[in-house]
Amino acid sequence: MSEQELDELTDQAPPPEIDSKYRLIILAAKRSKQLQRGARPRIEIDALKHKPTRIALEEVIQGRVKFHMIADPDEVPVEMA
């Protein structure tokens, strides 16, 4: 997938929980591994015509991949003034 294609996909409004392109890519990569291991796509898409990475990215963008974030106990919260 080219950088331009990635930018076009990430310009769509991602779910509010996804606060950065990096988190989006990490989620899609983990989902892609699941698809490669045999998981079924959660969206209507021809899996024979699209690679697992493309399917995973679409699933994340459409909010079909559930996730939760765990706060790092060592991380100090930054207060915005």
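Where is Ile61 found? Ile61 sits in helix H3, and we will come back to that helix in a moment.

Hello everyone, and thanks for coming. First, a word on what we are looking at. This is a predicted model, in which local features need pLDDT of at least 70 and side-chain atom pairs count only at pLDDT 80 or more, while totals for chains, interfaces and linings use all residues. Residues are numbered from 1 along each chain as its sequence is written, and side-chain values use heavy atoms, with hydrogens and water left out.

Let's start with the overall picture. The protein has three helices and zero strands; here helices are DSSP runs of H or I with at least four residues, strands are runs of E with at least two, and both are numbered from the N terminus. Reading from the N terminus, the order is α-α-α. Of the 81 residues, 23% count as buried. By buried I mean under 20% relative accessible area, by exposed over 50%, and by partly exposed anything in between, using a 1.4 Å probe and protein chains only.

The accessible surface comes to about 6800 Å², and carbon and sulfur atoms hold 52% of it. Those areas come from the Shrake-Rupley method with a 1.4 Å probe, and for residues only the protein chains shown count as cover. As for contacts, meaning heavy atoms within 4.5 Å, take those with a separation of 6 or more: 48% of them join residues 24 or more positions apart.

Now to a pair of helices. Two packed helices are described by the angle between their axes and the distance between the axes. Helix H2, residues 21-36, and helix H3, residues 52-61, pack at an angle of about 125°, with axes 8 Å apart. The axes are lines fitted to C-alpha atoms, for helices over the stretch in contact, and angles run from 0 to 180 degrees between N-to-C directions. H2 and H3 are therefore oblique to each other; under 35 degrees would be roughly parallel, over 145 roughly antiparallel, 65 to 115 roughly perpendicular, and the rest is oblique.

Which residues meet across this pair? On the H2 side they include Leu24, Leu27, Ala28 and Arg31, and on the H3 side Ile55, Ala56, Glu59 and Ile61 are among them. By class, the contact of H2 with H3 has ten nonpolar, three polar and two charged residues. For that count, Ala, Val, Leu, Ile, Met, Phe, Trp, Tyr, Cys and Pro are nonpolar, Asp, Glu, Lys and Arg are charged, and the others, Gly among them, are polar.

Let's stay with H2 and pick out two residues. Arg31 lies in H2 and is buried, with a relative accessible area of 3%. Not counting residues up to four places away in sequence, Arg31 touches Ala39, Arg40, Pro41, Arg42, Ala56, Glu59 and Val65. Ser32 is also in H2, and it is buried at 4% relative accessible area.

One of the partners of Arg31 is Ala39, found in the loop between H2 and H3. At 30% relative accessibility, Ala39 counts as partly exposed.

On to H3, as promised. Seven of its ten residues are buried, so H3 is largely enclosed by the rest of the structure. The buried ones are Ile55, Ala56, Leu57, Glu58, Glu59, Val60 and Ile61. Our opening residue, Ile61, has a relative accessible area of 8%. Ile61 and Ala28 are 33 residues apart in sequence, with 9.0 Å from C-alpha to C-alpha.

What follows H3? Just after the helix, Gly63 takes a positive phi of about 80°. Arg64 lies in the segment after H3 and is partly exposed, with a relative accessible area of 45%. Beyond its neighbours within four places in sequence, Arg64 is in contact with Arg42, Ile43 and Glu59.

Last stop: is Glu17 buried or partly exposed? Glu17 is partly exposed, at 44% relative accessible area, and it lies in the loop between helix H1, residues 3-10, and H2. Leaving aside neighbours within four places in sequence, Glu17 is in contact with Arg23, Phe67 and Met69.
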